[in-house]
Amino acid sequence: MSKVWHISDTHLSFLEDGSIRKPMDQRKWSHGVPAYQGYLDKIRDFAQKNIREEDFTVITGDITHDMKFEFLFYSLKWLRENIPGTIVICRGNHDVGYAKLKNTLERFHIIDEDEMSSIGPYMFGCYSDHDSKTEDMIAVNNDYVEFGKRLAVKAGKKRKQAVMISHYPVSAATAE
């Protein structure tokens, strides 16, 4: 049986030659934080020890830090070379240019906001409301719950396991 793994906010930053453009541990907010030192090695080592070809890795947004399409490809290349199996991406606010790549990358599945996709034994649904992060969290949470209900119904009809993913999760204080 396949497993579903989760990574979020990788904020990768590669150049064409594979060198790192903006190392995570050198950014203002992460400088000196031990968890970010060698984080690419940590991701690669974990993936290669634990993730199998039949598994699915969900990445919920912000694949790249650069917010430029020309750098997206190099980040996706690094992910493909270092994470086995199928990669399912729910677009984040840093991720641009995905529409140009949709359905063109082998063993990648890109799901945009408010989309559902049947992949293997799963029905993945991506709910992220990038426009309403905090303005009206009760409305956002209600939309999130309604999306989850629609996903469950659609997955049930196709006899798939529903997996709801989101770049911006709901507030625990107002969720049902």
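# Helices, rings and contacts in a predicted model

Visitor: What is included in the cover over the buried residues of α1?

Guide: The model is predicted, and its α1 runs over residues 39-50. The buried residues in α1 are Tyr39, Leu40, Ile43 and Ala47. The cover over these residues includes two elements, β1 (4-7) and α2.

Visitor: How wide an arc around the axis do those buried residues of α1 cover?

Guide: Tyr39, Leu40, Ile43 and Ala47 are the residues in question. They lie on the same side of α1, because the arc that they cover around the axis is only 110°.

Visitor: How far does α1 reach from its first C-alpha to its last?

Guide: The helix α1 has 12 residues, and at 1.5 Å a residue the expected span is 16 Å. The expected span takes 1.5 Å times one less than the number of residues. The reach in the model is close to that expectation, at 16 Å.

Visitor: How far apart are the end C-alpha atoms of α2?

Guide: Helix α2 covers residues 69-82, which is 14 residues. At 1.5 Å a residue, α2 should span 20 Å. The distance between its end C-alpha atoms agrees with this, at 21 Å.

Visitor: On what arc around the axis do the buried residues of α2 lie?

Guide: Buried in α2 are Phe71, Leu72, Ser75, Leu76, Trp78, Leu79 and Asn82. These residues are on the same side of α2, because they cover an arc of only 155°.

Visitor: In what order do helices and strands follow each other along the sequence?

Guide: The protein contains four helices and seven strands. Read along the sequence, the pattern is β-α-β-α-β-α-β-β-β-α-β.

Visitor: What share of the contacts between residues at least 6 apart in sequence joins residues at least 24 apart?

Guide: One case of such separation is Arg52 and Pro84, which are 32 residues apart in sequence but 5.9 Å apart in space, C-alpha to C-alpha. Arg52 also touches Pro84. Across the protein, among contacts between residues at least 6 apart in sequence, the share joining residues at least 24 apart is 70%.

Visitor: Is Arg52 buried, exposed or partly exposed?

Guide: Arg52 sits in the loop between α1 and β2 (56-60). Buried means under 20% relative accessible area and exposed means over 50%. The relative accessible area of Arg52 is 34%, so Arg52 is partly exposed.

Visitor: With which side chain does Arg52 make a polar contact of 2.9 Å?

Guide: The side chain of Arg52 has a polar contact of 3.0 Å with the side chain of Glu54. The polar contact of 2.9 Å is with the side chain of Asp55.

Visitor: Why does the pair of Phe56 and Phe124 count as tilted?

Guide: The whole structure has eight aromatic pairs. The ring centres of Phe56 and Phe124 are 6.0 Å apart, and the pair is tilted because the planes meet at 45°. Planes under 30 degrees apart would count as stacked and over 60 as edge-to-face, so what decides the class is the angle of 45°.

Visitor: How many residues apart in sequence are the parts that this pair ties together?

Guide: Phe56 and Phe124 are both buried. Phe56 lies in strand β2 and Phe124 in strand β6 (residues 122-126), so the parts they tie together are apart in sequence by 68 residues.

Visitor: Which residues do ring pairs link into a cluster with Phe56?

Guide: Phe56 forms an aromatic pair with Phe124. Ring pairs link Phe56 into a cluster with Tyr122 and Phe124.

Visitor: Is His167 buried or exposed?

Guide: His167 lies in the segment after β7 (161-165). Its relative accessible area is 8%, and the limit for buried is under 20%, so His167 is buried.

Visitor: Which residue's side chain joins that of His167 in a polar contact of 3.3 Å?

Guide: The side chain of His167 reaches a backbone oxygen at 2.7 Å, that of Thr60. The polar contact of 3.3 Å between side chains joins His167 to Asp62.

Visitor: Which residue's backbone oxygen lies 2.4 Å from a polar atom of the Ser166 side chain?

Guide: Ser166 also lies in the segment after β7, and at 14% relative accessibility Ser166 counts as buried. Among the residues that Ser166 touches are Thr60, Cys90 and Tyr127. The backbone oxygen at 2.4 Å belongs to Tyr127.

How values were computed
Residues are numbered from 1 along each chain as its sequence is written. This is a predicted model: local features need pLDDT of at least 70, side-chain atom pairs count only at pLDDT 80 or more; totals for chains, interfaces and linings use all residues. Side-chain values use heavy atoms; hydrogens and water are left out. Contact means heavy atoms within 4.5 Å. Buried means under 20% relative accessible area, exposed over 50%, partly exposed in between (1.4 Å probe, protein chains only). A polar contact is a pair of N or O atoms within 3.5 Å; within protein, one must be able to donate a hydrogen and the other to accept it, and residues adjacent in sequence count only if both atoms are side-chain atoms. The arc is that of the directions from the helix axis to the C-beta atoms. Rings of Phe, Tyr and Trp (its six-membered ring) pair if their centres lie within 6.5 Å; planes under 30 degrees apart count as stacked, over 60 as edge-to-face and the rest as tilted. Lists of a residue's contacts leave out its neighbours within four places in sequence.
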